[in-house]
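Here is a short note for someone opening this structure for the first time. Please read the points with the model in view.

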Amino acid sequence: MAGLFHTLNMGASSLFANRQGVDTTGHNIANAQTEGFSRQRVNLEQRFPQEIRGLLLGNGVFVRNITRAHDKFLENQINDHNQTLGQSNTRHDEIKSIEEIFSPELSSSISDEMVSFFNTLQDLSSFPEEITVRTAVKEYGQNLVNSFKRVDTRLREYQNDINFKLKAETEEINRILDDMARLNIQINTAEAGQFKKANDLRDQQDRLLRELSHKMEINYYRGDMGGLVVHGPNDRLLVDRNWSASMHVQHNSAEDLLYDVVVVDSKGKVASIVTEKNSKGRLHGLVRVRDHDIEELLSQNNTLAHSFVKNFNAVHRQGYGINSFSENTGRDFFVEVSDDQIDHAVRELRLSDYIMSSTDAISAAGRPNAPGDNINLNNLLRLKDDKLMANGNATFNDYYANMVSVFGLEVVREGNANEANKVIGADLKSRREAVAGVSLDEEAANLLRWQTAFTASSRVITTVDEMLETVLGLKR
């Protein structure tokens with residue numbers, strides 16, 4: 001009788017093991033389209049043999065554990081590359097948007113307005129006393145001012161937009177960090193005991209890691225208890241066991257409304273500014289565009305405006321106007337700032353009060369009381385071709401053209417790098433799918449295999465039951 005019950009137990013353990021195989025296969029099929037899911041497999045192991053009547057007999061099978069198809073090295077590669085890809089994607093998208101500010105198809109460029117302004121001065125040199133031509137000079141001068149200001153305003157609007165994006169990113173990062181800490185607790189609880197693996201919870205945590213690595217620079221490892229430990233920029237601890245740090249933004253000065261990114265520890269006491277220390281991910285891409293790309297364009301725009309206004313005013317002051325302005329000189333055409341205030345050149349740029357009050361103040365003549373004289377106008381016109389920028393190597397239009405072309409080349413360069421990073425990212429994702437992805441054809445074959453084994457196991461139990469009936473019938 002003991003022998004039959006031993007066989008019955010083997011059939012029961014086999015039935016359980018194969019049913020577990022069917023369950024796991026069904027779980028794989030159900031999550032075939034779930035983002036971040038890793039294919040799971042049942043690992044069977046034979047039981048320790050049992051001695052019966054001097055013989056060591058097989059003792060059946062048991063489910064040792066259920067593991068997931070997971071390549072730790074490949075996951076590390078993906079997360080490392082995500083940091084580069086996140087930065088590249090973000091910077092390319094942002095500077096591509098900024099590029100439209102300089103598009104001639106959308107609005108007249110500073111160069112176009114400058115050419116138009118000098119053309120009206122050329123017209124005025126032929127008709128120095130014509131009120132309509134003088135009015136045109138004033139209006140085109142105002143158009144040039146507006147063009148400088150349009151570029152400055154749009155660039156600052158992009159800076160503000162990036163500020164709000166930084167704030168949104170930190171809020172999303174906080175959610176990810178909180179979820180990671182929560183999963184640490186759940187994994188630690190679920191895996192209490194030998195051979196237990198919280199596969200689905202670990203998949204969720206790995207997915208969060210991929211999201212986080214796309215946003216910022218991180219380093220991570222799993223502790224002795226299986227909990228995830230994450231460090232961020234400047235080796236700041238972000239997640240450990242059941243707690244997580246928090247990230248927020250703060251204004252970097254009283255005058256400047258731009259945000260700094262700050263990491264605060266779990267107790268809210270120690271804050272660390274990581275704006276410049278973070279060198280990867282979306283955060284770095286946003287900060288780089290805001291603090292370097294846009295700032296460089298703003299600086300070049302201010303430099304061009306300041307140099308143009310300074311040189312134009314220097315010549316304009318030497319001339320004479322007409323009527324009430326025909327005997328005095330020293331008037332500016334534009335309002336200019338001092339050399340130590342170049343950063344505010346465009347912000348303060350406007351036509352001078354003299355020009356705004358009367359076009360007679362336009363200094364065309366080189367001599368007093370000479371309304372038909374255009375000597376000073378010719379001196380002003382020469383400014384168009386004088387190399388007064390880039391240490392005497394470029395005209396105003398050359399400087400603007402170089403500014404735009406260099407930025408355009410940077411957009412192209414970043415676009416090429418981004419495409420290359422996308423190819424690498426797609427390859428890594430494909431390799432992960434080959435390792436951890438669910439193949440419905442393979443799972444269908446597994447399902448049939450487990451079903452066949454389950455049917456055979458049930459047949460063992462039925463056979464033993466019939467044998468027991470036979471044995472019991474011998475006593476009747």
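1. Axes here are lines fitted to C-alpha atoms, for helices over the stretch in contact, and angles run from 0 to 180 degrees between N-to-C directions. Keep in mind that this is a predicted model.

2. Start with α2 and α5, residues 199–215. Their axes come within 6 Å and cross at roughly 35°. The crossing of α2 past α5 is right-handed. On the α2 side, the contact is made by Glu75, Ile78, Asn79, Asn82, Gln83, Leu85, Gly86 and Asn89. Leu209, Arg210, Ser213 and His214 supply the α5 side. By class, this contact has seven polar, three nonpolar and two charged residues.

3. Now α2 itself, residues 72–98. Its 27 residues, at 1.5 Å a residue, should span 39 Å, and the end C-alpha atoms are 39 Å apart, so the two values agree. At the start of α2, aspartate 71 places a side-chain oxygen within 3.1 Å of the backbone nitrogen of phenylalanine 73.

4. How do α3 and α4 pack? Helix α3 covers residues 110–126 and α4 covers residues 131–190. The angle is about 165°, with the axes 9 Å apart. Angles over 145 degrees count as roughly antiparallel, and α3 and α4 are therefore roughly antiparallel to each other. The crossing of α3 past α4 is left-handed.

5. Look at the residues in that contact. From α3 they include Ile110, Met114, Phe117, Leu121 and Leu124. Among those from α4 are Val133, Val137, Tyr140, Leu144, Phe148 and Val151. By class, the contact of α3 with α4 has 12 nonpolar, five polar and three charged residues.

Definitions and conventions. Residues numbered from 1 in each chain as written. Predicted model: local features only at pLDDT ≥ 70, side-chain atom pairs only at ≥ 80, totals over all residues. Heavy atoms only, no water. Helix = DSSP H or I, 4+ residues; strand = E, 2+ residues; numbered from the N terminus. Expected span 1.5 Å × (residues − 1). Polar contact = N/O pair within 3.5 Å; in protein donor to acceptor, adjacent residues only side chain to side chain. Parallel < 35°, antiparallel > 145°, perpendicular 65-115°, else oblique. Left-handed = near helix turned anticlockwise from the far one by under 90°. Contact = heavy atoms within 4.5 Å. Nonpolar A, V, L, I, M, F, W, Y, C, P; charged D, E, K, R; others polar.
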